[in-house]
Amino acid sequence: MSDLKIENKYVLILAAIQFAHIVDFVVLMPLGPTLMLDFGITPTQFGSVVSSYNFSAALSGLLFSTIADRFDRKRLLNIAMVGFILATVLCGLAPSFILLLSGRILTGLFGGILNILVFALVTDLVPFRRRGKAMGTVMASFSVSSVVGIPIGLAIADAFSWHWTFFFIAFFSCFIAFWGYKVLPASPATETAKPVKEVLLRFLTMLKKTDYLRAYSLILMSAMSMFLLIPFLSPYAVNNIGIETYQLKYMYFVAGLCTVVTARAIGKLTDSQGALKVFSMLALLSIIPVWIYTHTGPMSFAAYLLLSALFMTVVSGRMIPVMTMISEVPEVNERGTFMGLLNSIRSFGTASATLFAGLMISENASGQLAGFESVGYITIALTLISIFVAIRVYKLSKNLAVA
């Protein structure tokens, strides 16, 4: 088997691992209307359940990033997959809001570690000239989760209950974990064990490093501009647009199918045209569906499918050129720690955005969600600011590539 075929096989496995923990995270959002009704919770409480995963992932990312370069990454990946599977089973067993919240916190701990390891291994195993395509493949897992994972998860919830959705995720994750265990190569540590004081000092130095701060800022704004809206798309669709709960799985299937195709295309375009140009184009284009979605009222299901497909395609597609730019910023021996910090900051941004949006959005007397328009304006502002930050990061990554 050629080196390129082997490389593609590694990328496919890492994409499958990414798919497993992303499905676990994103399936909770379309289950929002069901969970709010089942537990009798408010939009703010639902936002806390969604954000708890990412706050937990942010904490695990901070802690894990201090040791990420000191151990074999494949071994760490295997351990994290086992923990993730067990935590997902606990979510399925949760009989109450509090226990589900606790389960999501535990799942986030392992999900955050998996996200770090996947991107660190992509960077380890794929040269920069092909990394845009590899990042596009891995990040297409978000789209595939919409096409396959979410519709199946929602169908299971409709047929049985939402508890079985999590049991199903844990079941297929076992096969992915075994595949990765058998096929992925070892990824030796890039540094030897050091005293805790020295590790923490290095950690703080990297956190404050000027070049890295630009990358942290870009990922923070990109994440927040997505998750101010995404967790509440389903409740808004049901309460304000007039979409039936059972129709949500079809929206995720259609929108996800579109983004599966466009994610790979965006990855190739990033390699050929440059990450900054592609990101700027997608960022500006994303303003259109964001404004329409946050200001719309009742519409036909066909129109809703078209709007959702455009929204998911451009909003999620922005992360491909962003991660491609950022992946070239860290030095080789700091890559694992950097990815840990990056993931932690992204998780903190998504969690904060979800919690903030939950506080801004309320349910009025007629059962509709109010305040979504204001959240849309904030999203648009963050998107525009992120373009200027991306310019700085892109210049930095090109300078480092030349050096």
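Predicted model: local features only at pLDDT ≥ 70, side-chain atom pairs only at ≥ 80, totals over all residues.
1. Neighbours within four places in sequence aside, G297 makes contact with N240 and I241. N239 is 58 residues away from G297 along the chain, and the C-alpha atoms of these two residues are 9.8 Å apart.

2. The chain as a whole. The secondary structure comprises 16 helices and two strands. The chain has 403 residues, of which 58% count as buried. When contacts between residues at least 6 apart in sequence are considered, 85% of them join residues at least 24 apart.

3. The pairing of α11 with α13. Helix α11 covers residues 248–273 and helix α13 covers residues 301–317; their axes come within 8 Å and cross at roughly 35°. This crossing is right-handed. On the α11 side the contact is made by L248, Y250, M251, Y252, V254, A255, C258, T259, T262 and I266. On the α13 side it is made by F301, Y304, L305, S308, A309, M312, T313, S316 and G317. By residue class, the contact of α11 with α13 holds 13 nonpolar and six polar residues, and no charged ones.

4. S308, a polar member of that contact. S308 belongs to helix α13 and is among the residues through which α13 meets α11. Its relative accessibility is 2%, so S308 counts as buried, the limit for that class being under 20%. Residues up to four places away in sequence not counted, S308 touches M251, A255 and Y293. Of these, M251 and A255 are listed on the α11 side of the helix contact, while Y293 is one of the residues that touch the most other members of the largest nonpolar core.

5. P289 in α12. Where does P289 lie? The residue is part of helix α12. P289 counts as buried because its relative accessibility is 0%. Setting aside neighbours within four places in sequence, P289 is in contact with L307, L310, F311 and V314. Between P289 and V315, which are 26 residues apart in sequence, the C-alpha to C-alpha distance is 8.9 Å.

6. The largest nonpolar core. This core has 125 residues, and those touching the most other members are I17, L218, Y293, I326 and F338. Helix α1, residues 3–26, gives the core its largest share, 13 residues. Which residues does L218 contact, leaving aside its neighbours within four places in sequence? The partners of L218 are F279, V322, M325, I326, S386, V389, A390 and V393. One of these, I326, is itself among the residues that touch the most other core members.

7. Two further buried positions. S48 lies in helix α3, residues 43–65. With a relative accessible area of 19%, S48 is classed as buried, because the class takes values under 20%. With residues up to four places away in sequence left out, S48 touches F97, L101 and L355. F203 is located in helix α8, residues 196–208. Its relative accessible area is 10%, so F203 is also buried. F203 and T337 are 134 residues apart along the chain, with a separation of 7.6 Å between their C-alpha atoms.

8. An exposed position, L93. Why does L93 count as exposed? The relative accessibility of L93 is 54%, and exposed means over 50%. L93 is found in helix α4, residues 73–93. The C-alpha atoms of L93 and F166 are separated by 8.6 Å, and the two residues are 73 apart along the chain.

Methods
Residues numbered from 1 in each chain as written. Heavy atoms only, no water. Axes fitted to C-alpha atoms, helices over the stretch in contact; angles between N-to-C directions. Helix = DSSP H or I, 4+ residues; strand = E, 2+ residues; numbered from the N terminus. Left-handed = near helix turned anticlockwise from the far one by under 90°. Contact = heavy atoms within 4.5 Å. Nonpolar A, V, L, I, M, F, W, Y, C, P; charged D, E, K, R; others polar. Core = buried A, V, L, I, M, F, W, Y, C linked by side-chain atoms within 4.5 Å. Buried < 20%, exposed > 50% of the residue type's maximum accessible area, 1.4 Å probe, protein only.
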